[in-house]
Every structure is written in structure tokens, then in C-alpha cells.
Amino acid sequence: MSEAELGGSFTFPGTSLTVHRMGYGAMRLSGPGIFGPPKDRDAAVAVLREAVAAGVNHIDTSDYYGPHITNQIIREALHPYPAGMVIVTKLGGRRPADGSWARANSPQELTDGVHDNLRNLGLDALDIVNYRVMGSGHGPEEGSIAEQVAVLAGLQGEGLIRHIGLSNVTASQVAEARTIAAIVCVQNNYNVAHREDDVLIDDLARLGIAYVPFFPLGGFTPLQSSTLNSVAERLGATPMQVALAWLLHRSPNVLLIPGTSSVAHLRENLAAALLSLPAQELAELDGIAVEAAPVEH
Ligand SMILES: NC(=O)c1ccc[n+]([C@@H]2O[C@H](COP(=O)([O-])OP(=O)(O)OC[C@H]3O[C@@H](n4cnc5c(N)ncnc54)[C@H](OP(=O)(O)O)[C@@H]3O)[C@@H](O)[C@H]2O)c1
């Protein structure tokens, strides 16, 4: 697919890493609950190969997906990686044997996490590592992240990490991290219905820092909106395509990593980059967040 067909391109600030704005999130390639092996490993491999064949050169992952399994599938499907491929991983969590999500943010755990990613992905250095604050669920929580960012900066100094990003963070955590290391991307929960980061996105755009929404399609609670359905019907697209096109339109520093375990959904999602949204439809889509906002009592 051409650059335009993949949403144009973006260069992470201060790096030589340029990616198409339409990327792929690999979290859905492990088993139910993002734990254990997928039902069909060959299908997972096929999704990754299809993404790369279509020109996707930005893959988001973590060694705690599975755990380890998603990275091992990425390696099986794509190693040796094509030139220009940027794999972004994240540290800060771990998966105890009961499948829960726990913090893993001590210096030793972060260092071990880098080595786990390197081994399972088959790399000598990681392109971008996001420090993921485990916080409360899928929302950020204030608190200093200086110690963890300093550990990543040390691993960068050793050449094991090329660039550093953040995930599930507040604006003040981004500001704190930027006093310690150059931050190239921020990955937070954001989509057409969940827009708490509107100000942060614009601030990061001014700094040239990528904003990579996780749950672009609603994640574990798929987006459902009569407005999305109605716009999609008028434009001859699917609601998920409209949600992705809206994100691409939102700001040029927004990079997409929709997750899927299906080649059909992957193709559908990639095709969203060619969908243009007329002003009337954009205004309607902007109203979804207002409808979805919690009522203040
Ligand atoms: N930093 C973080 O804390 C964090 C947290 C969560 C996720 N992530 C990253 O962000 C990526 C995206 O998040 P996500 O995968 O959780 O959520 P998502 O992209 O919002 O949604 C994925 C879900 O939507 C379904 N889906 C995908 N395309 C579809 C389509 N065209 N039509 C209908 N359903 C569709 C998928 O099911 P099928 O498999 O059936 O297509 C899956 O259940 C992840 O893959 C991961 O890399 C990061």
C-alpha cells in the first residue's frame, strides 16, 4: 500500500525512525484475557505477515502479552525484520500465574524486562520502549516516574534501548520524564468517545511527540454509538473505520495501532486511512464524546 493509503508518515522526534501513521497493535495475538497462547497460532502469524505485506512498519507490543507469547509470535512471523520496521514495546507490568496484571517497575524488573523483550523479539536493541505506569486500571494516576525513566535512560546509555516513550501517563508525568530523557511518544487510552487527553494531544503535537491511542476502537468495550453507525452508513464505511479515520484526522501526531487477531479486520482497519470525513460528519463525531461523558452529580 502507498504512504497515503497508510495515513501518511511520521518521524519520531530526534530519531531516524519514520513510520506510517497506520500501524498495528499486537496485543490481541495471545490467548483470551491476553494470557496464554492464541487458539490458532498460524492465524496470528498470518495477521502479522499480512500487516507487513500491506506496508505496516509500526508494531506495538509488550513482553507481558501472553506473557512472552506475543513477542515470540512476532519473531516467528517476521524475523529477520524488514528494513524500516519499528517495534515499540512497553515495560512496567508483569503477569502473575493467575493471569492478573501487576506492577514490575523496580530497576531490576525493568532491566530484566528489556532483556526478555530482546530475547523474545530476537533483537540486539529495542527501537522504542514505553514506560507503562500501571496506575489504576486503564487510567493514569499521578506520582513521580523519575526513578523508572532514569533506569530506562541508563539502559539507553548501554545501547539496549534506542528511544524512550511513556504510557498511561498524565501531563505532569510527561513533563517530569522530559527533564530526564528525550520522550518520543506517549501511549494513552483515547478514542472518539473517550477524550480526556485532548489537551495533552495538542501539547505533544507542538513538541513533535507522537501520541498513540490505545483502545482506538474501545478495547475490551468496543465502541458503540448510533452517531458512529449513522456516519458510517452515509459514507459507505464501517463504524470502526470511521472511528479510526476520526483519530487520523484528530492531529498529525496521532499514530494508530488498532489491535486485531483477524486478517479481515486488519484489512478493514487499514482501509480506514483512505476515508475522508466531511465537515458535517466531523462535527457529529465530535459530539460523541459529549454524549459519552459521565454525568456530574
Ligand atoms: N499501553 C497500554 O497500556 C495498552 C493497553 C491496551 C492496548 N495497548 C496497545 O494498543 C493496541 C490497541 O488496543 P486494543 O487491541 O486493546 O483495542 P482496540 O484496537 O480498541 O480494539 C481491539 C478489539 O476490537 C476488535 N476489532 C478490531 N478491528 C475490528 C473491526 N474492524 N471490526 C470489529 N472489531 C474489530 C478486536 O477483535 P478481533 O481480534 O476479533 O478483530 C479486538 O477485540 C493493542 O493491540 C496494544 O498493542 C496498549
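This is a predicted model: local features need pLDDT of at least 70, side-chain atom pairs count only at pLDDT 80 or more; totals for chains, interfaces and linings use all residues.
In the model, 27 residues surround the ligand, and the closest of them are Gly25, Met27, Leu217, Gly259 and Thr260. Sorted by class, this shell holds 12 polar, 10 nonpolar and 5 charged residues. Helix α9, which spans residues 263-271, supplies the largest share of the shell, with 3 residues.

Next comes a pair of helices. Helix α7 covers residues 226-235 and helix α8 covers residues 239-250; their axes lie 8 Å apart, and the two helices pack at an angle of about 95 degrees. Angles of 65 to 115 degrees count as roughly perpendicular, and α7 and α8 are therefore roughly perpendicular to each other. On the α7 side, the contact is made by Leu228, Asn229, Val231, Ala232 and Leu235, while α8 contributes Pro239, Gln241, Val242 and Ala243. Of the residues in this contact, 7 are nonpolar and 2 are polar, with no charged residue taking part.

In soluble globular proteins, nonpolar side chains tend to be buried together. Here, the largest nonpolar core has 81 residues, and Leu152, Ala210 and Ala243 are those with the most contacts inside it. The largest share of this core, 8 residues, comes from α8. As for Leu152, its contacts beyond the neighbours within four places in sequence are Leu110, Val129, Tyr131, Ile161, Ile164 and Ala181.

Terms used:
Residues are numbered from 1 along each chain as its sequence is written. A residue is near a molecule or strand if its C-beta atom, placed from the backbone, lies within 6 Å of it. Helices (H or I, at least four residues) and strands (E, at least two) are DSSP runs, numbered from the N terminus. Ala, Val, Leu, Ile, Met, Phe, Trp, Tyr, Cys and Pro count as nonpolar, Asp, Glu, Lys and Arg as charged, and the others, Gly among them, as polar. Axes are lines fitted to C-alpha atoms, for helices over the stretch in contact, and angles run from 0 to 180 degrees between N-to-C directions. Angles under 35 degrees count as roughly parallel, over 145 as roughly antiparallel, 65 to 115 as roughly perpendicular and the rest as oblique. Two residues are in contact if their C-beta atoms, placed from the backbone, lie within 7 Å. A nonpolar core is a set of buried Ala, Val, Leu, Ile, Met, Phe, Trp, Tyr and Cys residues joined through C-beta atoms within 7 Å. A residue is buried if 20 or more other C-beta atoms lie within 10 Å of its own, exposed if 12 or fewer, and partly exposed in between; C-beta atoms are placed from the backbone.
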